[in-house]
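The entries follow in the order I made them.

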Amino acid sequence: MENMSKTYIRPLDLDMASVISQNSRESLYAFLKRMDLEVDSHWEKEVLAMFLKDTLLDNPEYLLHVLGKDTLRFLIYLWEYNHSEIILEQTDWSMIGQLKFLGFLDFNFVEQESDRFHIIYIMEEAKALFYFYLKSKTAKTMMERFDIWEKLIRGMMTHYGIISFGRLYYLFCRLIRSPIDDQELHRFLSSRINLHHFGCFAIEKMSNIEYYQSYEISDAEQVVDKRQEIKEIDYFCPSYEEALSIAENNGIGNWDGISIIAEIFLQLLDIEYYKTVIAIKTCILMSQNDETLEAVEAYLFGSYPECRPFQDRIKDAVYSLYNSVPVYSLKGYSRKELRKLNHKAPVFTIVKGGKK
């Protein structure tokens, strides 16, 4: 484990735009486009930085779209911290990077002959402009609201992989049982930093339809094409509770077979927890992305040969998992659910004719 250097906090009287302009012009331009804002492609980064600052001042709710609840609470914590030295975890630095991008703080690493330390500079202007807003009841309510939005989107996209924005908007409103502004949802999906590594928008050139897709999908075009085979069937809509549960478990739902695989790996084979999670998650993604059952089994036995003594139990578990996970090309239905949906033949049939 690396030696943790000391971290000090210092106030700094500096314009937010000066810190924002430390980002590259390309990053600022791309981010402003993500926020669905009209920007000129010829603007210099100082102009883009000032435009971003002014946009946040005029629309402070955008800040709640962009930053997650944990990051905003961390910012308030730093503002209210009354000591010059602070202990930070590794995960805190990710949030610090997000806050620097928006001009709320800056940081520097100092290395001297006898000492090495970080300095976090708190922008006094940013605190003066946004502290009371972020402490307000309205902002706190919206933080919670968008935190739920983020989880629901993650849970829903675990079913779909890729979906048109129009359809996603409809299903999302149905899930939360409330109409919302479609532009607000679009801005949220585009600009939410926590979702930047989860999914993105893409436009199909032929139809000009805008899709939102998860990065966990392996062949988006093939999935869209396969859905034409079941075009008469509407998209599966998970329950509110199911979508939240899947998101909170990093894309792993309460599907058949998972508990058996976990039991064999963790208790009988004493395989490390994180390796077990990787094995299960990979089986899920392969199943969702239309890999064959044989391919999923081959991955598991090839990557973890120590599980071969339990081959029969694992094969049964993988079969159950394969049929119960949501499949992208099946519009979010599992293979088992779709078979039930397509089962139209009656139990008994009446044959015309009979005795005369």
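**Aromatic cluster.** I looked for aromatic residues that group together. Trp79, Phe104, Phe130, Tyr131 and Phe132 make up one aromatic cluster. I note here that the model is a predicted one.

**Ring pairs.** I then asked how many aromatic pairs the structure holds. The count came to 20. I looked up two of these pairs in detail. A ring pair is described by how far apart the centres lie and by the angle of the planes.

For Phe146 and Trp149, I found ring centres 5.1 Å apart. Their planes stand at 80 degrees, so I logged the pair as edge-to-face. Both residues belong to helix α8, which covers residues 137–160. They are 3 residues apart there, about one turn of the helix. Buried or exposed? I checked Phe146 and Trp149. Phe146 is buried, and Trp149 is buried too.

Next came Tyr160 and Tyr235. Their ring centres are 5.8 Å apart and the planes are at 85 degrees, so this pair is edge-to-face. I found both Tyr160 and Tyr235 buried.

**Charges over rings.** I searched for charged ends over aromatic faces. The charged end of Arg25 sits over the ring of Tyr29, 5.7 Å from the ring centre. Lys100 lies over the face of Phe107, at 4.8 Å from the centre of that ring.

**Helix α9.** I turned to α9, residues 165–176. The helix has 12 residues. From first C-alpha to last it reaches 16 Å, close to the expected 16 Å. Which residues of α9 are buried? I listed Phe165, Leu168, Leu171, Phe172, Cys173 and Leu175. Their cover includes α8, β5, α10, β6, β7 and α12. After the helix comes Arg177, and its phi is positive, near 55 degrees.

**Ile193.** My last stop was the loop between α10 (182–191) and β6 (199–203), where Ile193 is placed. Its relative accessibility is 15%, and the cut-off for buried is under 20%, so I counted Ile193 as buried. What does Ile193 touch, leaving out residues up to four places away in sequence? I found Phe31, Val66, Leu67 and Gln98. Gln98 is 95 residues from Ile193 in sequence, yet the C-alpha atoms are 7.8 Å apart.

Terms used: Residues are numbered from 1 along each chain as its sequence is written. This is a predicted model: local features need pLDDT of at least 70, side-chain atom pairs count only at pLDDT 80 or more; totals for chains, interfaces and linings use all residues. Side-chain values use heavy atoms; hydrogens and water are left out. Helices (H or I, at least four residues) and strands (E, at least two) are DSSP runs, numbered from the N terminus. Buried means under 20% relative accessible area, exposed over 50%, partly exposed in between (1.4 Å probe, protein chains only). Contact means heavy atoms within 4.5 Å. Rings of Phe, Tyr and Trp (its six-membered ring) pair if their centres lie within 6.5 Å; planes under 30 degrees apart count as stacked, over 60 as edge-to-face and the rest as tilted. A charge sits over a ring if NZ of Lys or CZ of Arg is within 6 Å of the ring centre and within 35 degrees of the ring normal. The expected span of a helix is 1.5 Å times one less than its number of residues.
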